[in-house]
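Work through the exercises below with the model open. Try each task before reading its solution.

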Amino acid sequence: MAEDAEEKSPPAVRIPVIILVLLFGTGSWVAINGLWVQLPLLVSLNIPEGYNLATYLTVIIQIANVGPLIFSLVNYFSPKGKHVEIPTVFIIVSIGCVSTLLLVFFWDAYTVWDLDGSLHSTALLCLAFFLSIVDCTSSVAFTPFMSILKNSYLTWYFVGEGLSSLLPSIVALIQGVGNVECVANNTYINYTVIDNVTTEQICTNWKQVDSPARFQPQEFFGFLFAMMITCLIAFTLLNYLPLAKREHLNRKPKSSTLQQTSVTMSCAESRTVLVYGTSDETSSSQDISGPDVTETPPTDSSKDVQTTNHTLTRYNYIYLFGVLAFVTALSNGALPSIQTYSCAPYGFNTYLLASTMANIANPVAATLVMLLPSRNLVLVGVMASAGTLAGSFCFLTAALSPTPPLQHEVGGAVLIILSWVLVSGLLVYTKATIAWILRSQPNNRALLIWYGGITQVGSMIGAFVMFPIVTIAQLFTPYYENACDGMPICEPM
């Protein structure tokens with residue numbers, strides 16, 4: 001096995017390189033994950049798009065798929081053996097650094113659009129587009145670069161990629177969204193005389209007071225900028241630091257080797273699932289559509305599972321791809337568009353918890369598939385149905401906004417958070433399981449390309465169908481919190 005043939009590096013070499021790989025991996029999706037978990041605070045600050053900001057971002061992320069497409073075309077037409085991913089990573093990470101830095105200063109810069117004559121967060125939306133290109137392209141550029149290093153570092157890269165979801169969520173939870181309280185502004189006594197009978201009442205003028213978050217969006221975007229700069233520095237050192245160059249592979253991958261396949265599930269989802277398969281083809285430069293299919297030398301921890309599974313029938317493929325198209329349209333397009341309407345009526349702190357915990361549930365579910373894989377087609381349908389059921393409740397609460405069930409009760413907040421965590425985890429688990437099943441087939445390369453294409457088509461359908469429903473038809477009603485509603489004005493003395 002190739003890993004057995006690799007020269008074992010001393011800890012003094014391996015540990016610094018592992019740290020660099022971790023830092024490099026954290027830059028893969030940290031920008032969009034960070035922007036997404038910042039939505040509750042941005043909406044609470046009355047940004048012009050308001051509750052529709054999530055819908056705009058969902059569409060922007062789908063449009064940003066032009067980035068992977070351009071990279072794939074460049075990769076396809078480049079001379080064989082040329083590592084186009086190295087300059088690509090330099091370019092996109094630099095764009096990420098500049099974009100996050102500009103967000104620090106211009107996230108709240110608004111302009112009036114001639115299209116509808118209303119105020120919009122032009123700078124935020126434009127910079128979100130560039131960050132989406134960066135993160136979407138990272139799915140097809142970062143993993144090929146890792147094939148330059150020894151195989152043992154690939155696992156650490158995916159650990160870093162998981163941290164790109166976890167770290168922004170933790171920082172967002174620390175940041176909070178502040179609180180809205182109702183305090184007495186002043187009191188006075190009101191005298192009422194009826195039939196020579198004087199009634200005295202003590203009356204109170206209430207005032208709503210907003211407690212700010214622990215730190216503002218510009219500080220959070222500064223954190224994202226620091227993460228991107230760290231990623232750029234780590235990538236540079238992995239390329240040029242002599243200690244790191246000692247861990248580069250000096251051989252070309254051979255044919256009939258085990259390949260590391262990173263299936264890009266969706267830019268909207270901001271996740272990749274690590275799956276293993278075998279291929280008799282050698283050139284990764286030919287894998288240009290949909291998923292990132294990148295060839296690396298074999299590892300002894302990977303096993304050829306193709307011979308342990310029966311070949312799927314045409315109806316099995318129709319079933320799997322049909323489920324895939326449906327769940328991606330739901331999870332990557334439709335549900336993100338209405339999350340604000342579903343969660344905000346329960347309070348912005350509840351919205352923050354639902355957003356961050358669902359964000360964390362994604363890599364957890366994908367990792368679960370890696371640790372406990374299953375190729376049961378019935379399980380795919382069961383998990384998809386369970387995720388759809390949880391998603392239906394999320395749609396119900398959004399449709400009933402601004403007065404969803406159990407609105408001002410603890411049970412309602414717990415239920416909506418649990419629903420979003422379940423719908424996120426279950427649907428990601430479904431998609432990851434489908435990818436695992438497809439890669440076990442003899443023609444896994446073509447199937448995974450179809451997987452990536454159908455994932456993107458489903459995501460785009462969900463996003464573009466929901467955009468006019470939410471923003472133009474305005475079928476969902478936003479909830480505007482007033483902490484002083486229901487407070488007594490006058491009471492008998």
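**Exercise 1. A covered helix**

Task: List the buried residues of helix 3.

Solution. The structure is a predicted model. The buried residues of helix 3 are Val30, Ala31, Ile32, Asn33, Gly34, Leu35, Trp36 and Val37. Now compare this list with the helix limits. Helix 3 covers residues 30-37, and eight of its eight residues are buried. The helix is thus described as mostly covered.

**Exercise 2. The surroundings of Thr356**

Step four: contacts farther along the chain. With neighbours within four places in sequence left aside, Thr356 is in contact with Val37, Ser169, Ala172 and Leu173. Val37 is also one of the buried residues of helix 3.

**Exercise 3. The surroundings of Ile338**

Task: Which residues does Ile338 touch, not counting those up to four places away in sequence?

Solution. Begin with the helix. Ile338 belongs to helix 12, residues 314-343. Its relative accessibility is 0%, so Ile338 counts as buried. Then collect the contacts. Ile338 touches Cys394, Phe395, Ala398, Trp420, Met466, Val470 and Phe476. Finally, check a C-alpha pair. Ile338 and Asn52 are 286 residues apart along the chain, yet their C-alpha atoms are separated by 8.1 Å.

**Exercise 4. A helix pair**

Task: How are helix 12 and helix 15 oriented to each other?

Solution. Two packed helices are described by the angle between their axes and the distance between the axes. Take the distance and angle together. The axes of helix 12 and helix 15 (residues 410-439) come within 10 Å and cross at roughly 155°. Angles over 145 degrees count as roughly antiparallel. Helix 12 and helix 15 are therefore roughly antiparallel to each other. Last, the hand: their crossing is left-handed.

**Exercise 5. Span of helix 16**

Task: What distance does helix 16 reach from its first C-alpha to its last?

Solution. Helix 16 (residues 444-472) has 29 residues. At 1.5 Å a residue, 42 Å is expected. The helix reaches 42 Å, close to that expected value. Next, look past its end. Helix 16 is followed by Gln474, whose phi is positive, near 50°.

Methods. Residues are numbered from 1 along each chain as its sequence is written. This is a predicted model: local features need pLDDT of at least 70, side-chain atom pairs count only at pLDDT 80 or more; totals for chains, interfaces and linings use all residues. Side-chain values use heavy atoms; hydrogens and water are left out. Contact means heavy atoms within 4.5 Å. Helices (H or I, at least four residues) and strands (E, at least two) are DSSP runs, numbered from the N terminus. Buried means under 20% relative accessible area, exposed over 50%, partly exposed in between (1.4 Å probe, protein chains only). The expected span of a helix is 1.5 Å times one less than its number of residues. Axes are lines fitted to C-alpha atoms, for helices over the stretch in contact, and angles run from 0 to 180 degrees between N-to-C directions. Angles under 35 degrees count as roughly parallel, over 145 as roughly antiparallel, 65 to 115 as roughly perpendicular and the rest as oblique. A crossing is left-handed if the near helix is turned anticlockwise from the far one by less than a right angle, and right-handed if clockwise.
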